[in-house]
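Please read them with the structure open.

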Amino acid sequence: MSSLTTKYIEIQGVEQTFKTKKGPFCALQNINLTVAKGEFVALIGHSGCGKSTLLNLIAGLTTPTQGTLLCANREISGPGPERAVVFQNHSLLPWLTCFENVYLAVERVFAAKENKAQLKARTDAALAMVGLTAAAQKRPGEISGGMKQRVGIARALCMEPKVLLLDEPFGALDALTRAKLQDELLQIVATTQSTVVMVTHDVDEAVLLSDRIVMMTNGPSATIGEVLSVALPRPRDRVALAESSEYLHYRKAVIDFLYTRQGHVEKAA
Amino acid sequence: MVSAVFHSPLEPLVAPAAAQQVAAAAPADTSTPSQRDKEKASTPFDWRGAWMAFLPPLLGLGLLVGIWEMVSVGTARSIPSPLETWKQALVLFSDPFYSKGPNDQGVGWNVLSSLQRVAFGFGMAALVGIPVGFMIGRFEFLSRMFNPLISLMRPVSPLAWLPIGLLVFKGANPAAIWTIFICSIWPMIINTAVGVQRVPQDYMNVARVLNLSEWKIVTKILFPAVLPYMLTGVRLAVGTAWLVIVAAEMLTGGVGIGFWVWDEWNNLNVKNIIIAIFVIGIVGLVLEFALIKLATAFTFEEVKS
């Protein structure tokens, strides 16, 4: 493998400090991480540990106080459509229909090269991928939370991003809907071969979906505590895995890190 | 709320269409099929709902008329009775659009000229206030720059600006419009600015991730997100403008509902003054209602809460 495919996203010595009224607050410190092309990486840790801060840095929504972030050997200097983000609260524009929400993204990326019919076809294809063809002309207020999150995923995927960034995408959903969307995400990622970085606080979600789990220590000054490679074969089936000893082993390792070694959130804060 | 208590044999004759709708909408889970057929045949009518919808407002109006009558009797009819006023109103509204020179025109013309002034003054306030509000909301520097000015000017009664208007525009009509402009512009600026400041960061993050152009940000995100706030500003502005125009016209004269009130006071025609009060109230109510309807049509789920 060339160095570009093994180090598609490269995070070097990143530190993030926020200015607050009580003085500077160090959220992240000494973060070093590389993500290979086509890899699925989960960031896990207790709330307030800076997972989302790190994701925002990769997205380019914020710039680090120190250190550099590279994507395909180029410095990340701002947000861009090659790094699509699925937000935790879906962030659909409520005055646009599902179709229009996705079309906004399609138009931005492909309008220069393609005609209206092609753009429309892309939008329809993205909605079809998440199974929402029937709801295309509905507004976000008229569909369920799970459907909204799927539109958010369609909006991200339609841009054909090099990197898909997911910020607790299923956090606000009920357990059954979450499981269904996780399975869909697994299928979609298997088809598109996307590089994915996903923030989560759900141990099962992390083990089921990812190739590597990046476990973060508690903030302030959070950093990467441990990285766990999940060598479960794909395609993964949640029912079969529920009894697999390997699966339970990985699950135990993450829980051990989160609750035994990093369990004292209140004391630390 | 279909209740069997209020069944009456007359119902099918009274309101068959309405009752049928009620029966169709009622699930009637507990009743057997035969009972349901019976209910459909006897078509229950929602008497309690109808009562609550009409009786209290009617009583309220009745109370007003009663007190009015008592005051009328108490002042030995120097305040005219409701019945006399009603008769006068019928005469007035039988010909609302006559014109016998500038000081004697029908009530319709008076209302329309007042509305026209409000429309001009408010329209200009919107043309200036909405863009200014957008700028103040978007740039903190401008917000800090204009906040002291707005805080200083806003509490001033718009009528205090009337002499300045008369001096600058050298005419009663533009001065009245100027007063309306001044009183309408503050709610427009403030609400638009607040709306822009409160556009959820999530939407702006979407704009940044999608790398939207400034034009797309304004048309697809900022404008729709600010619209409900802006329409609240419009509603407040039009409400205040309608209050102020009456007072302004009393001072400036000409044709207009405010001037008409003052003219009828000079004629000691109290009946017309009372009619004018009702007309002003009803027009204000209609304006408010229309603008609320408009605002709800443009308010979306997320922005509502």
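**Notes on the predicted complex**

1. Start with a strand pair in chain A. A:Thr20 has A:Gly23 as its bridge partner in β2(A). Two residues lie between β1(A) and β2(A), and the two strands form a hairpin. Their pairing is antiparallel and runs over nine bridges.

2. This is a predicted model, so confidence should be read alongside the geometry. The predictor gives the complex an ipTM of 0.79 and a pTM of 0.71. For chain B the average pLDDT is 82, and 84% of its residues score at least 70.

3. Where in chain B is confidence lowest, and where is it highest? The lowest mean, 40, belongs to helix α1 (residues 11-14) of chain B. The highest, 93, belongs to helix α9 (residues 172-197) of chain B. Over residues 1-33 of chain B, pLDDT stays under 50. The model has 38 contacts beyond four places in sequence for that stretch.

4. Strand β1 (residues 9-20) of chain A and strand β4 (residues 66-71) of chain A run antiparallel and are joined by five bridges. In β4(A), A:Cys71 stands opposite A:Ile9.

5. Chain A also has an open sheet of six strands, in the order β6-β7-β8-β3-β9-β10. Here the pairing is mixed. β6 and β10 of chain A each have a single partner strand, so one side of each is left without a neighbour in the sheet. From one strand to the next, the twist averages 15°.

6. One parallel pair in that sheet can be checked residue by residue. Strand β7 (residues 163-167) of chain A runs parallel to β8(A), and five bridges join them. A:Leu166 has A:Met198 as its bridge partner in β8(A). Helix α5(A) packs on the sheet, where it touches β6 and β7 of chain A. The direction of α5(A) makes about 175° with that of β6(A).

7. The same helix has a helical neighbour. Helix α5 (residues 145-157) of chain A packs with helix α6 (residues 175-192) of chain A at about 15°, and their axes are 11 Å apart. That angle makes α5(A) roughly parallel to α6(A). The crossing is right-handed. From α5(A), the contact uses A:Gly146, A:Gln149, A:Arg150 and A:Leu157. From α6(A), it uses A:Thr177, A:Leu181, A:Ile188 and A:Thr192. The residues of this contact divide into three nonpolar, four polar and one charged.

8. Now a helix pair in chain B. The axes of helix α6 (residues 107-138) of chain B and α9(B) come within 6 Å and cross at roughly 30°. α6(B) passes α9(B) in a right-handed crossing. The contact between α6(B) and α9(B) is made up of 20 nonpolar, nine polar and two charged residues.

9. How many residues of each chain are in contact across the interface? There are 18 from chain A and 16 from chain B. On the side of chain A that touches chain B, β6 (83-86) and α3 (98-110) each supply at least two residues. The largest share, three residues, comes from α3(A). That side of chain A divides into 13 nonpolar residues, four polar and one charged.

10. Two backbone details in chain A deserve a look. Most residues other than glycine have a negative phi, and most peptide bonds are trans. A:Gln193 has a positive phi, near 55°. A:Gln193 sits in the loop between α6 and β8 (195-200) of chain A. A cis peptide bond joins A:Arg234 and A:Pro235, with omega about -5°. A:Pro235 lies in the loop between β10 (224-229) and α8 (238-241) of chain A.

Conventions:
Residues are numbered from 1 along each chain as its sequence is written. Chains are lettered from A and ligands numbered from 1 in the order in which they are written. This is a predicted model: local features need pLDDT of at least 70, side-chain atom pairs count only at pLDDT 80 or more; totals for chains, interfaces and linings use all residues. pLDDT is the predictor's confidence in each residue, from 0 to 100. Helices (H or I, at least four residues) and strands (E, at least two) are DSSP runs, numbered from the N terminus. Two residues are in contact if their C-beta atoms, placed from the backbone, lie within 7 Å. Axes are lines fitted to C-alpha atoms, for helices over the stretch in contact, and angles run from 0 to 180 degrees between N-to-C directions. A crossing is left-handed if the near helix is turned anticlockwise from the far one by less than a right angle, and right-handed if clockwise. Ala, Val, Leu, Ile, Met, Phe, Trp, Tyr, Cys and Pro count as nonpolar, Asp, Glu, Lys and Arg as charged, and the others, Gly among them, as polar. Angles under 35 degrees count as roughly parallel, over 145 as roughly antiparallel, 65 to 115 as roughly perpendicular and the rest as oblique. Two strands pair if DSSP finds at least two bridges between them.
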